[in-house]
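Me: I would like to go through this structure with you, beginning with the sheet and then moving to the helices. Could you take my questions as they come?

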Amino acid sequence: MLYSNTQGIGVDLVLLHGWGFNSELFNTLVDDYKNQCRITIIDLPGHGRSANVDGGLDEWCDEIIKILPKNPILLGWSLGGLLAIKIANKITLSKLILVASTPNFIQTDFWEFGIDTDNFEQFSSALQLNLSKGLKRFISLQTKDKSKLKALNKAIEQYLATTQALNQGLEILLNTDLNNQLKKLSIPIEVVLGKYDTLVPIKISRWYHQNNIKTLILNTGHLPFLHQDFALSSMLEVKYNLNNT
């Protein structure tokens, strides 16, 4: 079973975190917006308080879908965004919000908007040598807010992902291409990117614009939702956008 927690009242918003982390990452967002929406946080399989789930992308998404409320706004950060795109192709959502995410993380001969495979594998290998230490160092490069760093570090120490989940997550990140599936979606989509993100190159914004997907770029790295200009309120408005048909 997967761990989930729901707080607040209003439109349903579900938050999916990224590789190696857990849903405690979103505590500040929950506190800031639980008076405006009903927020559900979920620990991905083998992350946080959730049990391992055998399989890969489809199996992970199917387990997440069991928890989702009807027609939610689904926000996915990093790996969570990749899962959110897949889920949007399986069930009905009100809206899809991708934060520092992309339908294909890895650069190929046919996809120039990803990160070099060798660079990505070096990054992931360094993290796995000491996951807690690696994630803390990664976060320290994303924000200088000491109170946020303290809270995030505590969450990392308390809930470490399993080796199985880390390997499954890397497999998903390295081998998933959802470009066509994202383009086929007819629901409203918004994207928030970090200008200095080293894992999701900012040039992906060109692809999003080419496909008429509303994109906001903040002066951040891979954690845009920690930035003071990350305004979730405006994203909670579900307006059908003909550009996404």
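**The sheet and its helices**

Reply: In this predicted model, seven strands make up an open sheet with mixed pairing, in the order E1-E3-E2-E4-E5-E6-E7.

Me: Which strands stand at the edges?

Reply: The edge strands are E1 (4–7) and E7 (214–218). Each has a single partner strand, so one side of each is left without a neighbour in the sheet.

Me: And by how many degrees are neighbouring strands turned against each other?

Reply: On average by 15 degrees, with direction ignored.

Me: Take E5 and E6. How many bridges join them, and do they run parallel or antiparallel?

Reply: Strand E5 (residues 95–99) and strand E6 (residues 189–194) run parallel and are joined by four bridges. As for individual partners, Val-99 is bridged to Val-192 in E6.

Me: Which strands does helix H3 lie across?

Reply: Helix H3 (residues 79–88) lies across strand E2 (11–16), strand E4 (73–77) and E5. Relative to E4, H3 runs at about 145 degrees.

Me: Let us change topic to aromatic pairs. How many are there in the whole structure?

Reply: A search of the whole structure gives seven aromatic pairs. In one of them, the ring centres of Phe-21 and Trp-77 are 5.4 Å apart and the planes stand at 75 degrees, so this pair is edge-to-face.

Me: Where in the chain do Phe-21 and Trp-77 lie?

Reply: Phe-21 is in the loop between E2 and helix H1 (27–33), while Trp-77 is in strand E4. The two are 56 residues apart, and the pair thus links distant parts of the chain.

Me: Now the helix packing. What describes two packed helices?

Reply: The angle between their axes and the distance between the axes.

Me: Then how do H4 and H7 cross?

Reply: The axes of helix H4 (residues 117–129) and helix H7 (residues 163–175) come within 12 Å and cross at roughly 165 degrees. The two helices are therefore roughly antiparallel to each other, and H4 passes H7 in a right-handed crossing.

Me: Which residues meet there?

Reply: From H4, Thr-117, Phe-120, Glu-121, Ser-124 and Gln-128 meet Leu-166, Asn-167, Leu-170, Leu-173 and Leu-174 of H7. By class, the contact of H4 with H7 has five nonpolar, four polar and one charged residues.

Me: What about H4 with H5: at what angle do their axes cross?

Reply: The axes of H4 and helix H5 (residues 131–140) cross at roughly 125 degrees and come within 5 Å. H4 and H5 are therefore oblique to each other. Phe-123, Leu-127, Gln-128 and Leu-129 of H4 meet Leu-131, Gly-134, Leu-135 and Phe-138 of H5. That contact of H4 with H5 has six nonpolar, two polar and no charged residues.

Me: Finally, how far apart are the axes of H5 and H6?

Reply: The axes of H5 and helix H6 (residues 146–158) are 10 Å apart, and the helices pack at an angle of about 160 degrees. H5 and H6 are therefore roughly antiparallel to each other, with a right-handed crossing.

Me: Which residues of H5 and H6 meet?

Reply: Ser-132, Leu-135, Lys-136, Ile-139 and Ser-140 in H5 meet Leu-149, Leu-152, Asn-153, Ile-156 and Glu-157 in H6. By class, this contact of H5 with H6 has five nonpolar, three polar and two charged residues.

Conventions:
Residues numbered from 1 in each chain as written. Predicted model: local features only at pLDDT ≥ 70, side-chain atom pairs only at ≥ 80, totals over all residues. Heavy atoms only, no water. Pairing = 2+ DSSP bridges. Axes fitted to C-alpha atoms, helices over the stretch in contact; angles between N-to-C directions. Contact = heavy atoms within 4.5 Å. Parallel < 35°, antiparallel > 145°, perpendicular 65-115°, else oblique. Left-handed = near helix turned anticlockwise from the far one by under 90°. Nonpolar A, V, L, I, M, F, W, Y, C, P; charged D, E, K, R; others polar. Phe/Tyr/Trp six-rings, centres within 6.5 Å; stacked < 30°, edge-to-face > 60°.
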